[in-house]
Amino acid sequence: MTYRKYPSANFEPFSLVLPLIFSLFSLICLQAQEMPQNFLSGMQARSIGPAGMSGRVTAIDVVRTNADVWYIGTATGGVWRTVNGGNTFDPIFDEQPVLSIGSIAICQSDPKIIYVGTGEGNPRNSVSSGQGIYKSYDGGDTWEHLGLARSKNIHRIIVHPDDPDQIWVGVTGPPFGRTEERGVYKTSDGGQNWRRVLFTNDQSGIADLVIDPSNPSRLFAAMWQHRRHPWSFDSGGPGSGLYLSEDGGDNWRSLGEQHGLPPKPWGRIGLAIAPSNPETMLAWVESRKNALYKSIDGGYSWGMINDETIGGRPFYFAEIHIDPLDENRVYNLYSRLAMSENGGREFEVIEDWGRKVHADHQAMWIHPQDPKFIILGTDGGLYWTRDQTLHWNFADDLPVAQFYHVTVDMEMPYNVYGGMQDNGTWYGPAYTWRRAGLRNDYWQELGFNDGFDVVLEPSDPQIIYALWQGGMLMRVNKRTGQRKTIRPAPTAVPLRFNWNAAIAHDPFRENTIYIGSQFVHKSIDRGESWLVISPDLTTNDVDKQQQINSGGLTIDATAAENHTTITAIAPSPLQEGLIWVGTDDGKVQLTKNRGKRWKDLTAAIDGFPDGGWVNQIHPSWSNVEGAFVVVDNHRNNDDQTYVFRTENGGASWDRMSMPMDIKGHALSFLQDREVPDLYFLGTEYGLYYSLDRGQHWHKWLNGLPSAAISDMVIHPREHDLVIGTFGRSIYVLDDITPLRILATDYKSIQEQGMILFDPPSARLAIMQQATGQRLSPDGIYSGENRPFGAMISFWVDGSVHSRSVWMEIIKDDKVIYNERIPVSKGVNRAFWDLQMQGKSVYGPLMDPNLEQPWVTPGEYDVKLTYGTLVSKGSVTVLPDPNIRYDPKAVEASQKFRQRLEKLVKEKNRFESALSNKIRRMERRIERDPEVMAELLEVSKSLLSLISPQVEQGVISGSDRIGPAIDKAFFYAHSPYEYPSKNDYLLIEQLEKRWLEVRFEIKKYYDDL
């Protein structure tokens, strides 16, 4: 039995099968909920990168007794470990349900014990949250959850230097709400039990927590009152303060103005103790006048030493580090990296806005005995220096980019486009016809700043439209790199563009694009001019439009808190002029006549959270009146998963039912364009899918960690699910045909012992060498490429007592290739490399993809045998689209190769037979030396006519027939070209020479 693909949604007859699909729905929904996750283990998502831009690094710790072992925490990409000083990195936290990391602490007295606090501690507008603290007893191979699950964001962990069971945890807490789970927590039994030992109020958490290296009973805690709303950030208040404990954290006393610190209110505070002289301390204090304060008596008294060269943006940067051996050398981490040689009285910028390293410095580790060795974490990845910041190395193999959006083009192979947090807008291949995987240098930057959505111009594949923060829209020519800013200019009314503004292309009109401020703007000339086609579609709440004052004690107005703006514009792909719009302040609007009239649909959406942020709207591919609205309400301290659906143009809605085991607020949603029952849901903590229109959901774990899924798209030609993550770059799930079949006929599939799904077409692509470095040494990043050849997907039910399936490829009733494939119950996947079997006759220097002859383009039968069960289908093999395909040339090339194959096989047979005879003679020579010696000499002489016989050394320029025949295969590298006159001359000479050698051998051995 073979299942065929459904026709595309653009294909009219699909509407005829739609009623049948929905009639099947009631039959399959009960079974769908019972499908185990491992049934899809054969469909592994591929991590394609990129890694060259990396992403935000938030925590660093190193084993002091072995400085080659580092643990790296990332904002939303999990924990990574290197055991070779940064040459290679491996993710070690991917099995956990959350990848946002705020802190890492190694128990230096027993370095196999590692503590990780989840939820990053620098609460920018795109901050991610965690689910508590984790512990490893084996250096990060396995992890145990220790609790504090409601802490949300853990910024600091301190392990007692002598007692691995005594730990202090600094909890920042959620920036978007009031909670009691904040402050300092302590355990004395390795995390089995926790008690809160410092708390000020329900809006204040830890900004910093340090321990006196000479006296572990002395700790300093910086408490920070802060609150983030969707439209503002407020730093500072009575909950902020600096506290000292001298009994291991059991009791604390406040330090204040009477100790030389500034008058309150305070905001965030960064702390550092000089390891070489713990009496020396520094405190970066946000107050009415931000300044650096110093203590030379262990923190009992303070004095202001610098309020000029200390940097800004304390809500995001408050990191001070003192050289372990020199108390006067101080590093200040903020947008720039600054260093002081006089104890902090003056700072000099040593890394400025991405000169050598990426700007926005988040974390630092300095070797305690060799302070020239420094590891630095930034918004753009991980760097390290061994000469005290003169030169830097970069970890370009950490694929932890935070993508906001992804889209795809129709090139072959196709490209993926997307914008990243603080790392610009890029595009690169979903797969390549090159060796060595998907390298970083295959990606091209289109524009910098924070990158957001990208739309393509259908009328010209070289033109794209890309956003950066605050609605700054660019038109970019991919080929030339030419950029032009085309954001609508303000007129009488100031325009409000979101940090992550909405753009879209009209699916019916070339050169026509939309962008949202509080209005919908339309351009019909690629952004050369704009027309407003809507009224203000937001609440226009002026109280939420005071971004110029956002920040609290330190103003931070960067467009990050722009509010009452449009965040989603979604033109219908089925009806021209029908456009859905969503806003960040809880509005859903619709026009059916190109913007002439708009209708506010929000009141009809039962259960819509007040002021909920509309993250995405997706018009249905099967129903012109249908749409899906994704609402993210975590900025109102509500982590519920909201997806709403209408099938009648917004007159009524239903909220999709989400089981309790779906964790995290919704970020993205996708309805399959070919099988409407198949849904995909992206949340803060991973990808989910439903086979029955959202009645039951399953988490996707095969090859994909629990990263935030910010956006998804299905490639219309290749049926791949392309997944943009906020923290682990981009993943591709190749060919979702099996999921489509499961979504329409799961009950019937369960009843089948084996089913072959219709394979997608395969390409006889010429595989090029990788650009740049030919080889693939460790440290060169390579994303997972799609395996070359034909993708064969099939289902087995596990009823046969066999752990493998026998696959045969058949042409004209002749088996040309076969292979045994290991299987497990559920969907399995194998790849046929488009080569014929049984003719592996090429030399070791040949191209690996030409060791066996390729098939020619055409239709090939596929037969699977599973015990007594048999399933048959076919696969279409297509030529390389980048090569001029002439069937006669391919046929002539194959015949030329076959002449070479015949020649080399006969040569190999004679060479092997003579070698065997010589070995037998050598064993018999002692029994019959007179006869055997002469025969042995003759046989070796005959063998040397084929190939040179040497016991030592290398001969690469031999004139013997054997090496000449092997080398001739270099003339058969081009299967798409006619053999040349030179090629035919060569093979005719070789055939003639071989006949002469063969004749000489036959004189003595006519049995060969």
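**View 1. A four-stranded open sheet, ordered β46-β47-β48-β49.** The 4 strands of this open sheet pair in antiparallel fashion. At its edges sit β46 (566-571) and β49, each with a single partner strand, so one side of each has no neighbour in the sheet. Strands here are DSSP runs of E, at least two residues, numbered from the N terminus, and two of them pair if DSSP finds at least two bridges between them. As for what holds such a sheet together, strands pair through backbone hydrogen bonds, either parallel or antiparallel.

A quick note before zooming in: this is a predicted model, where local features need pLDDT of at least 70 and side-chain atom pairs count only at pLDDT 80 or more, while totals for chains, interfaces and linings use all residues. Residues are numbered from 1 along each chain as its sequence is written, and side-chain values use heavy atoms, with hydrogens and water left out.

**View 2. Strand β48 and its two partners.** On one side, β48 is joined to β47 (residues 579-583) by 4 bridges, and the two run antiparallel. They make a hairpin with 4 residues between the strands, and Gly586 in that turn has a positive phi of about 90°. Look for Trp580 opposite Leu590. Strand β49 (residues 599-600) is also antiparallel to β48, with 2 bridges; here Gln589 faces Asp600 and Leu590 faces Lys599.

**View 3. Both faces of β48 are covered.** Val588 and Leu590 on one side, and Gln589 and Thr591 on the other, are all buried (under 20% relative accessible area; exposed is over 50%, partly exposed in between; 1.4 Å probe, protein chains only).

**View 4. A negative patch around Asp812.** Asp812, Asp813, Glu859 and Asp861 form this surface patch. Patch members have over 30% relative accessible area and no salt bridge, with like charges joined within 9 Å and nonpolar side chains (Val, Leu, Ile, Met, Phe, Trp, Tyr) within 5 Å; a salt bridge puts a side-chain nitrogen of Lys or Arg within 4 Å of a carboxyl oxygen of Asp or Glu. Asp812 sits in the loop between β65 (804-811) and β66 (814-822) and is exposed, at 68% relative accessible area. Its phi is positive too, near 55°, though Asp812 isn't a glycine.

View 5. The Gly49 to Pro50 peptide bond is cis, omega near 5°, with Pro50 between β2 (46-49) and β3 (57-62). Lys264 and Pro265 are also joined by a cis bond, omega about 15°.

Notes:
Accessible areas come from the Shrake-Rupley method with a 1.4 Å probe; for residues, only the protein chains shown count as cover. Lys and Arg count as positive and Asp and Glu as negative; His and the chain ends are not counted. The place of a charge is taken as NZ of Lys, CZ of Arg, CG of Asp or CD of Glu.
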